[in-house]
Amino acid sequence: MEFLLNTDDSTYEISQLVTKVSYKDSLNDGCSKLEFTCINDDLSVNNGSAVSFKFNDNNIFFGYVFKHGRGRDKEISVTAYDQLRYCKAKDTILVKNDTAATLVKRMCNTLGLKYGTIEDSGYLLATSSHYDKTWLDMVYSGISDTVLYLGKKYALRDEFGKITLRDLDNLRLSLVLGDESLVYDYSYEQSIDDEFYNQIKLVSRNDTSGKDDTYIAIDSNSIIRYGLLQYYEKLDNNANYAKTKDMADQLLGLYNHEVESLSLNCLGDTSVRAGTSVYGQIGDIELGRYLLVKSVNHNFLPVHTMSLEVVL
């Protein structure tokens, strides 16, 4: 384990002082977080200090201290976030001739943040102006629109000090989690309580007729089985009919199925981050397929373990 703290223009190697360390990462839900405690009466920790953490020679986290405190037990507790924490900055943002990828680069350049691999997202976002919006929300909105129109999914994340945009298809790991591999506990659930819709209703104002145009995609068999669960969205005025119909069909395909959720408790593997895919194999629930990691929480001391929420 290598743990470096840069504070007051000096870099300290504090690996031997760290008593607890956990790392949490979620898919397209803000910055990753590193929490740790260490023992040293003389160590000076300041908000804004840089933190670098490696485990078994693997880069885990590079970010900055946002909270720290001390108690009578002489322990210092520290919370640090990666660069995405700074992307909560609000601004007036014009989206024009942008893809999600170019929006990420604009965000980094505007906020003075370092970026690495930004994969081409392809879909040209609709021109729009936004006031009092965070850069992070704007990028996530661009990623969501890209999913709707192209079916391609992307992860915005910080990789050891560089913000990246990754195609999820390129983050599949050759790692098996299941009955015979790393997993020591799990919980499984099927639900239509969240993000389940069998009727999609999209509405766009027609400036020529002065009325609303309505587009509906429906699965009658699903409604008979589960009851009517409707998704509604108001679109920009004069939306293109063909594109709106395709959008309604894609939304129906995306939401018209039971949501399965699975949580895994495992021995740790540093290659697992939010947005990666692992192969799950659990006999009791007849599971044998790739799983998308929605969030992961690594605990490194005294034994490296991890808790995952996955999308089936």
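Visitor: By class, how many nonpolar, polar and charged residues are in the lining of the largest pocket?
Guide: The lining has 19 nonpolar, 8 polar and 13 charged residues. Here Ala, Val, Leu, Ile, Met, Phe, Trp, Tyr, Cys and Pro count as nonpolar, Asp, Glu, Lys and Arg as charged, and the others, Gly among them, as polar. Before we go on: this is a predicted model, where local features need pLDDT of at least 70, side-chain atom pairs count only at pLDDT 80 or more, and totals for chains, interfaces and linings use all residues. Residues are numbered from 1 along each chain as its sequence is written, and side-chain values use heavy atoms, with hydrogens and water left out.

Visitor: Okay, how much space lies in the largest pocket?
Guide: About 1,500 Å³. Of its 40 lining residues, Leu27, Lys153, Glu195, Leu292 and Val311 are the closest to the centre. A pocket here is an open set of points on a 1 Å grid over the protein atoms alone where a 1.4 Å probe fits, with protein on both sides within 12 Å along at least five of seven lines; lining residues have an atom within 4 Å of a point. Points are joined across faces, edges and corners, and the volume is the space filled by probe spheres set on them.

Visitor: And the second largest pocket, which residues lie nearest its centre?
Guide: Tyr123, Ala126, Asp145, Tyr149 and Asp236, out of 26 lining residues. That pocket holds about 660 Å³, and by class its lining splits into 12 nonpolar, 9 polar and 5 charged residues.

Visitor: Which element gives the largest share of that lining?
Guide: Helix H2, with 6 residues. H2 spans 135-150 and also supplies at least two residues to the lining of the largest pocket. Helices (H or I, at least four residues) and strands (E, at least two) are DSSP runs, numbered from the N terminus.

Visitor: Switching topic: how many salt bridges does the count come to?
Guide: 11, taking a side-chain nitrogen of Lys or Arg within 4 Å of a carboxyl oxygen of Asp or Glu. One of them joins Arg106 and Asp98, with the closest N and O atoms 2.6 Å apart.

Visitor: Is Asp98 buried or exposed?
Guide: Asp98 counts as buried because its relative accessible area is 4%, while Arg106 is partly exposed at 29%. Buried means under 20% relative accessible area, exposed over 50%, partly exposed in between (1.4 Å probe, protein chains only).

Visitor: What about the largest nonpolar core, which members touch the most others?
Guide: Val104, Ile143, Leu156, Ile163 and Leu165, within a set of 26 residues. Helices H1 (100-111) and H2 are among the elements giving at least two residues each. A separate core of 21 residues includes Tyr23, Phe53, Phe61 and Val65. A core is a set of buried Ala, Val, Leu, Ile, Met, Phe, Trp, Tyr and Cys residues joined through side-chain atoms within 4.5 Å.

Visitor: Where do Phe53 and Phe61 stand in the strands?
Guide: Phe53 stands opposite Phe61 in S6. Strands S5 (residues 50-55) and S6 (residues 58-70) pair in the antiparallel sense over 6 bridges; pairing requires at least two bridges found by DSSP. In their hairpin, which has 2 residues between the strands, Asn56 takes a positive phi near 50 degrees.
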